[in-house]
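Dear colleague,

Please find below the structure that I am handing over to you.

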Amino acid sequence: MSILIDGNTKVICQGITGASGAFHTKGCLDYGTRMVGGTTPGKGGQKDVNGLPIFDTVADAVEGTGANATMIFVPPPFAGDAILEAAAAGIEVICAITEGIPTQDMIRVRAALTDFPNAHLIGPNCPGVITPGKRVAGEGAQATFQGGCKIGIMPGYIHTAREDASTGRAIGVISRSGTLTYEAVWQCSERGIGQTTCVGIGGDPVKGLNFIELLGMFDQDPDTDGVIMIGEIGGSDEADAAEWIQGNMTKPVAAFIAGRTAPPGKRMGHAGAIIGGADDTADAKMTRLRECGILVAESPADLGSSMSAALDLAEATASTS
Amino acid sequence: MKIHEYQARELLANATVPVPSGAMVETVDAAVAETKDLLAGGDTLVVIKAQVHAGGRGKAGFVKLVRSVEEAREAAEFMLSNRMVSPQTPPEGLEVTRLLVAAGVDIDSEFYLAITVDRANGTNTLIASAEGGVEIEKVAEETPEKIIKEPLDPRLGLQPWQARKVAFAVGFKGKQVNQAVKTMLALAELFRSTDASLVEINPLIVTPPDESNPDGRVLAIDAKFNFDDNALFRHRDIAALADLSETDASERRAEEFGLSYVALDGNIGCIVNGAGLAMSTMDIIKLHGGEPANFLDVGGSATEEAVTEAFRIILGDDKVQGVLVNIFGGIMQCDTIAKAIVNAAGTVGFEVPLVVRLEGTNVDAAREILRDAKQELPTMHAATDLTEAARMVCSAVAVPG
């Protein structure tokens, strides 16, 4: 089990003939994702380098392939429009990788998405979402997988399915950062902790799915034993999530907040990573998370060990009560 | 992107928001001439304000009220020949090259008015308060009930009824209400049409009653506007307002190469891929007793050339006594970084300790490249994990004793 996507998810790529779209469509195919086609307006009827059918519109692609998820690599000025096109065509999981979409576009897109309650937006400005597949052959970067679904730009081989995890445990990952997610996944995989689904929610100030919605999904997923949430400076999402966890979450959560050394008022790479006031510093968020009973890693090197400790603690508490 | 107060005033005036008359000047003589004009036009008080992207101007002596051309000359001379130092500037202060010379007005009451993005709710929000002229953060902290927030419908924007509601709620009276409503609607339109991230008028003031204005006039005295960098592609006119003289030269060069770089005060340079990992790398350096010299995210698809430039920028910083490279290859392939390190060794040269931690895509190829280039990289140490990397670089730059 997993959340949002699994081995049956049929995925298209919007912007499949662009350099990034083509490169990562291949990467997803290689991982075992059921990539079924893509769109590039004006190139409908052609095939991409992998032999996948190209469509002019998302509606055509859905009709032709039965796709229910999309990976968007459309350039920033047109990406908001691409998200809405996917929603209107009935796509359920919309993963917007594109970085640099204007905030006001995202505000309008979010408002318009309320007309499509079945559409879940992930991102933008994110690495994507992955439900790891079972390893069938090879080691390290050469390993091949089956039954998983990778929608995005993350290196697939660092992930571990529950079946392959030596501890038999599997967790969910929710993160505002790309490479820091890989770090967390890597550290967990090294410790024999598998992952059910890893979701990069993106580094923009206005985005789709947020911590709370995803924590709720992981809490409902019977295969997920715990969750790592990785936040950073800027905004109140982590503090809001902390309160939600305290009141609702039944599974252990380990957290990390990036940017303790970031100066106020300076944008640290991500459009959303900027300290605006006293509430959205890393230290303030870490304090709030701890007040709500959540284990917070001091160092990015402790992501895996913190998750492990949180799982142990939850297990010990469950067996004594 | 930020703009100066005088530029924000111009945008407001073009949007029909009343502002006191005045002009931006770049010389003492021009400041004197503008003051002369204002005094001749009937104004008795003139305010001269330094145009820099930092607060704390008043206390630093860079906002002055003058009543004569002599006082204007003295104030302008001081501001244009001294660097402004305030808690919000770097320690060495900022050079002042532009002044705003504006008519001083009598103030009956002061308000705060702004529109900004409410990230948590994914909407734009109008913020107003009767506590104008002071720092709004302070008001929010001490008396949050004095701040009124009104969310804007994402598809409709600010509606007149909302502006009226806010105007009455903060205490505008009589004929002031309509003036305030007009200002709010104009501000909302300005926010929308420029893809702003913040438009703030502080203070928005009411002048004392006079014969033609029995309820006083509503005027914007100071304004601060920020714009969404991601939307500048469709606002060439706004992009042209940027004052690059205040942007760090290295930050500008980094931007040209698609690198995200922020200079800091420490002595350990960092090169990382991904913003979150880059911040975390700074954090872990600090956790092990070191001080990061910068934030640098090479991004996911940087070329060897761009990464080499990253090394050039970091090694060009005299404060840097050690460099930590932390790469978790995803799209970014570790061998690209390895090649750039070898490149940088040839073209820039490493005299300081270099600690490299690589993981992820093509890591084996990358390690081989670095092993083969050992002769050219005498100061390099390879670390296997993040903690080891942080320890190594911190101890390498630690001052003995």
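The domain assignment divides chain B into three parts: domain 1 covers 1–20 + 106–247, domain 2 covers 21–104, and domain 3 covers 249–396. Please note that this is a predicted model, and that the values below are to be read accordingly. Between domain 2 of chain B and domain 3 of chain B, the C-alpha centres are 44 Å apart.

The remaining findings concern the interface of chain A and chain B. On the chain A side, 56 residues are in contact with 47 residues of chain B. The two chains bury about 4000 Å² between them, and carbon and sulfur atoms account for 59% of that area.

A salt bridge joins the side chains of A:Lys266 and B:Glu251, with an N to O distance of 3.2 Å.

As to which elements of chain A take part, at least two residues of the side that touches chain B come from each of helix H1 (19–31), helix H4 (103–113), helix H5 (179–190) and strand E14 (253–258). The most is given by H4(A), which supplies 8 residues. By residue class, the side of chain A that touches chain B consists of 28 nonpolar, 16 polar and 12 charged residues.

With kind regards

Technical notes:
Residues numbered from 1 in each chain as written. Chains lettered and ligands numbered in written order. Predicted model: local features only at pLDDT ≥ 70, side-chain atom pairs only at ≥ 80, totals over all residues. Heavy atoms only, no water. Domains from an automatic or database assignment. Contact = heavy atoms within 4.5 Å. Buried area = accessible area lost by both parts, 1.4 Å probe. Salt bridge = Lys/Arg side-chain N within 4 Å of Asp/Glu carboxyl O. Helix = DSSP H or I, 4+ residues; strand = E, 2+ residues; numbered from the N terminus. Nonpolar A, V, L, I, M, F, W, Y, C, P; charged D, E, K, R; others polar.
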